[in-house]
Amino acid sequence: MKLDREIKKICCIGAGYVGGPSMAVIAHKCPEIIVNVVDINEERIASWNDPDIKALPIYEPGLAEIIAECRGKNLYFSTEIKKQISQADMIFISVNTPTKTRGIGAGKASDLKWVEASARQISEYASGFTIVVEKSTLPVRTAQTIKQILQSSNKQSKNKKFSVLSNPEFLAEGTAINDLNYPDRVLIGGEDQESIKKLIDIYLHWVPRKKIITTNLWSSELSKLLSNAFLAQRISSINSVTALCETTGADIKEVAEAIKSDHRIGKDFLDPGPGFGGSCFKKDILNLVYICDHYGLKQVSSYWEKVVDINNWQSERILNVIIEKLFGTVSDKTISILGFAFKANTNDTRESPAIKICRGLLEEGCKLKIYDPKVSSQQIEKELCMPLTEKKWSFANSIIDSVKGSDAIVVITEWQEFKDMDWESLSKKMRSPSWLFDTRSICDIEEAKNHGFNIWRIGADLNLMN
Ligand code: UDX
Ligand code: UDX
């Protein structure tokens, strides 16, 4: 048994948005530990190993520098799942847990087939004592399933022993490296105190002890779901009021500032927008809804479901506003879409509100020119389920390229370059009357107005306001 030994080798199953950066930071902070990140996706692993550091599969500020420093020293990416599991003292499960698309719980419950597959691989290939850590966001009590799968292998082989911990990741995309380097808290759930201590020791390399919280397994699993649900709830709360502001002359920016100044409410996650996207919020709330329903807590599940309803309503509402303002029809009009990622500083498009808004406009017969500083045309094709060759939308390489000849600009992602646009030169490239739809409330409205733009800004009716 390896129980009394230090953790020398870590394996992480899943080289995605969570597994990649979180393991890179562990390797960076713990040079004495060998970190092996494995994945079934050969292409993804090849990108992680690409000598051109710009070719990494995900874009995160600060990540490339860490990879350049640690890769090949104590950080490795491979598809050698069997070998790396067998040699690891600690294994993180960081595979994706999408919402089920069919069967019981379809549309709400998480599909745990990848987590289960990882547990089976661990149970088969691990040797000696292995600490298994849930990194993926999982429904409460998943650790029980993992334990059962691992225990079934104990029966087959007496020299295998496992301890299961929950250590959810709270990093946000775009700020992942900073979040990992300076976390608000590290949460570790488990029963086996020795294993918990081994994981704490890893984090103590850079995280103060007072920021490391230990709980039982189920509290840890549920806290992660709830943290995301609470953050999403704040966004839906502020977004729900945007429509009210637009009809009453109140300005959501002023209202939000006034609310934020109460320290009990706090400043974060109250920026109005086209609705939250990303791989987590919707999936995790729906999962919470499913769990509540499962335990017969109907009132609780409908409470949380409303957070997702408001989010869906917000992007549909924006789509309708655009069509209505453009004289009720966008057919044969050209619209410049600025931003396709679900938020700034990432190339991730999962659940981006841009998808729904763009698809809706395309269905109405509109032509789109889409520009995002980090999202590729192939990625947009995939999300829109519409190849470029159909010529219904085109990919622009710059803001100016995207606005040429268009009737309207729709700002969907809050990239810095959309905050500092040169309205004079943009106005000269567009068709008149030209419109700006600022769904993030980030543009210099006065400047745009001075250069002849008609303006719709989220959470404000400029005519009613004055
Ligand atoms: C993470 C979390 O782990 C998930 O629970 C959370 O809710 C969303 O964020 P993420 O890292 O974003 O997932 O997912 P993704 O980028 O899709 O990466 C998962 C990786 O796991 C993929 O590269 C996939 O190929 C890999 N995988 C999946 C395996 O290596 N083995 C499997 O059996 C299944
Ligand atoms: C989120 C959580 O923040 C993180 O802790 C968890 O580990 C994973 O899920 P992420 O999805 O990467 O992170 O991004 P986040 O910054 O939370 O933004 C989510 C969505 O909410 C984005 O679409 C963003 O634009 C939107 N948002 C955020 C708002 O509309 N308004 C805000 O005030 C904040």
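How many residues of domain 1 are in contact with how many residues of domain 2? In this predicted model, 22 residues of domain 1 are in contact with 19 residues of domain 2. The domain assignment places domain 1 at 9–215 and domain 2 at 242–466 of the protein chain. Their centres, taken over C-alpha atoms, are 33 Å apart.

The interface can also be described by area. The size of an interface is often expressed as the accessible area that is lost when the parts come together. Between them, domain 1 and domain 2 bury about 1,600 Å². Carbon and sulfur atoms account for 51% of that area. On the domain 1 side, three residues lose the most area to domain 2: Tyr-59, Lys-108 and Glu-173. Together they make up 43% of what that side buries.

Two salt bridges are counted between domain 1 and domain 2. Glu-173 forms a salt bridge with Arg-350. The closest N and O atoms of this pair are 3.6 Å apart. Six residue pairs are in polar contact across the interface. By class, the side of domain 1 that touches domain 2 has twelve nonpolar residues. The remainder of that side is seven polar and three charged residues.

Ligand 1 is considered next. Both domain 1 and domain 2 give residues to the shell around ligand 1, so the ligand lies between them. There are 19 residues around ligand 1. Asp-39, Arg-44, Thr-97, Thr-137 and Lys-283 come nearest. By class, the shell has nine polar, six nonpolar and four charged residues.

Several polar contacts involve oxygen atoms of ligand 1. A polar backbone atom of Val-18 is 2.9 Å from one oxygen atom of the ligand. Side chains contribute as well. An N or O atom in the side chain of Ser-136 is 3.2 Å from an oxygen atom of ligand 1. For the side chain of Arg-350, the corresponding distance is 3.1 Å. On its own, ligand 1 has 690 Å² of accessible area, and the protein covers 92% of it.

Ligand 2 also has 19 residues around it. Those that come nearest are Phe-170, Leu-171, Glu-173, Lys-343 and Arg-440. Glu-173 is also among the residues of domain 1 that lose the most area to domain 2.

Backbone atoms supply the following contacts to ligand 2. A polar backbone atom of Phe-170 is 2.7 Å from an oxygen atom of the ligand. At Asp-271, a backbone N or O atom lies 2.9 Å from an oxygen atom of ligand 2. For a polar backbone atom of Leu-270, the distance to an oxygen atom of ligand 2 is 3.3 Å. Taken alone, ligand 2 exposes 660 Å², of which the protein buries 91%.

Terms used
Residues are numbered from 1 along each chain as its sequence is written. Chains are lettered from A and ligands numbered from 1 in the order in which they are written. This is a predicted model: local features need pLDDT of at least 70, side-chain atom pairs count only at pLDDT 80 or more; totals for chains, interfaces and linings use all residues. Side-chain values use heavy atoms; hydrogens and water are left out. A residue is near a molecule or strand if one of its heavy atoms lies within 4 Å of it. A polar contact is a pair of N or O atoms within 3.5 Å; within protein, one must be able to donate a hydrogen and the other to accept it, and residues adjacent in sequence count only if both atoms are side-chain atoms. Accessible areas come from the Shrake-Rupley method with a 1.4 Å probe; for residues, only the protein chains shown count as cover. Ala, Val, Leu, Ile, Met, Phe, Trp, Tyr, Cys and Pro count as nonpolar, Asp, Glu, Lys and Arg as charged, and the others, Gly among them, as polar. Domain bounds come from an automatic or database domain assignment. Contact means heavy atoms within 4.5 Å. Buried area is the accessible area (1.4 Å probe) that two parts lose on being put together, summed over both. A salt bridge is a side-chain nitrogen of Lys or Arg within 4 Å of a carboxyl oxygen of Asp or Glu.
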